[in-house]
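Please read it with the coordinates open.

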Amino acid sequence: AGRLERARAELETSLGLFPESAEVQRLYALVLERNDELDAAAHHLREAIRIAPDDADAPLHLERVARKQELDRRIASAARAAAEQPTEVGPRLALGDLLLERERYDAALVEFLRAERHGGATAHTHTGLGLAYAGRQRQVRALYHLTDALRLDARAARARAELVWVLATS
């Protein structure tokens, strides 16, 4: 975090000196995105596009930020649904899947463990647990849950594909 904070401070100084620099706007947006300040990142990317409309990087970066913003909205909606039905497995699985997609592995683990506790020891639950553990670099746990998913459903294509990936990268 120290390097990121220093980069942010340097870029804020650069923005003060060169507010019409598309490069500074885009780099600052990268730092903001890293800090999950997505609205501010989107603003600075739009500025970079305004300043340099022919730059190919800023629009792609803006699309990525917009996807994260949309995913965050879907996560908030799924979290409300899960809170309204705390013992239902389906909303927990849906929320866990979205959290995995957003690479929020700790939060995904919590949701998949809650689903498992409420009777959802399924291939889906164990695949989600395996993916979340793999995202946290806990390969042994990931392998355990992915193989359990295949034990529960030998046709679980996602579990099979992820198991191959974990084995190949371990």
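1. Of the 170 residues of the protein, 38% count as buried, where buried means under 20% relative accessible area, exposed means over 50%, and partly exposed lies in between (1.4 Å probe, protein chains only). The model is predicted, so local features need pLDDT of at least 70 and side-chain atom pairs count only at pLDDT 80 or more, while totals for chains, interfaces and linings use all residues. Residues are numbered from 1 along each chain as its sequence is written, and side-chain values use heavy atoms, with hydrogens and water left out.

2. Secondary structure. The protein has nine helices and zero strands, and its pattern along the sequence is α-α-α-α-α-α-α-α-α. Helices (H or I, at least four residues) and strands (E, at least two) are DSSP runs, numbered from the N terminus.

3. Overall dimensions. The C-alpha trace spans about 60 × 40 × 30 Å along its principal axes.

4. Contacts and surface. Among contacts with a separation of 6 or more, 46% join residues 24 or more positions apart; contact means heavy atoms within 4.5 Å. The protein exposes about 9800 Å², of which carbon and sulfur atoms supply 53%. Accessible areas come from the Shrake-Rupley method with a 1.4 Å probe, and for residues only the protein chains shown count as cover.

5. Largest pocket. The space in the largest pocket is about 210 Å³. A pocket is an open set of points on a 1 Å grid over the protein atoms alone, where a 1.4 Å probe fits, with protein on both sides within 12 Å along at least five of seven lines; lining residues have an atom within 4 Å of a point. Grid points are joined across faces, edges and corners, and a volume is the space filled by probe spheres set on the points. The lining consists of Asp36, Arg67, Lys68, Glu70, Leu71, Arg74, Glu101, Arg102 and Glu103. Helix α4 (residues 57-84) gives the most to this lining, with five residues. By class the lining has eight charged residues, one nonpolar and no polar. Ala, Val, Leu, Ile, Met, Phe, Trp, Tyr, Cys and Pro count as nonpolar, Asp, Glu, Lys and Arg as charged, and the others, Gly among them, as polar.

6. Second largest pocket. This one holds about 170 Å³ of space. Its lining is Leu100, Glu103, Tyr105, Leu131, Ala134, Gly135, Gln137, Arg158, Glu162 and Trp165. Helices α7 (123-135) and α9 (157-169) are the elements that give two or more residues to it. The classes here are five nonpolar, two polar and three charged.

7. Backbone at two lining residues. Most residues other than glycine have a negative phi. Asp36, in the loop between α2 (22-34) and α3 (38-51), has a positive phi near 60°. Its relative accessibility is 39%, so Asp36 counts as partly exposed. Gln137, in the loop between α7 and α8, has a positive phi of about 65°. Gln137 counts as exposed because its relative accessibility is 63%.

8. Asp148 and Ala121 are 27 residues apart in sequence, and their C-alpha atoms are 9.5 Å apart in space.
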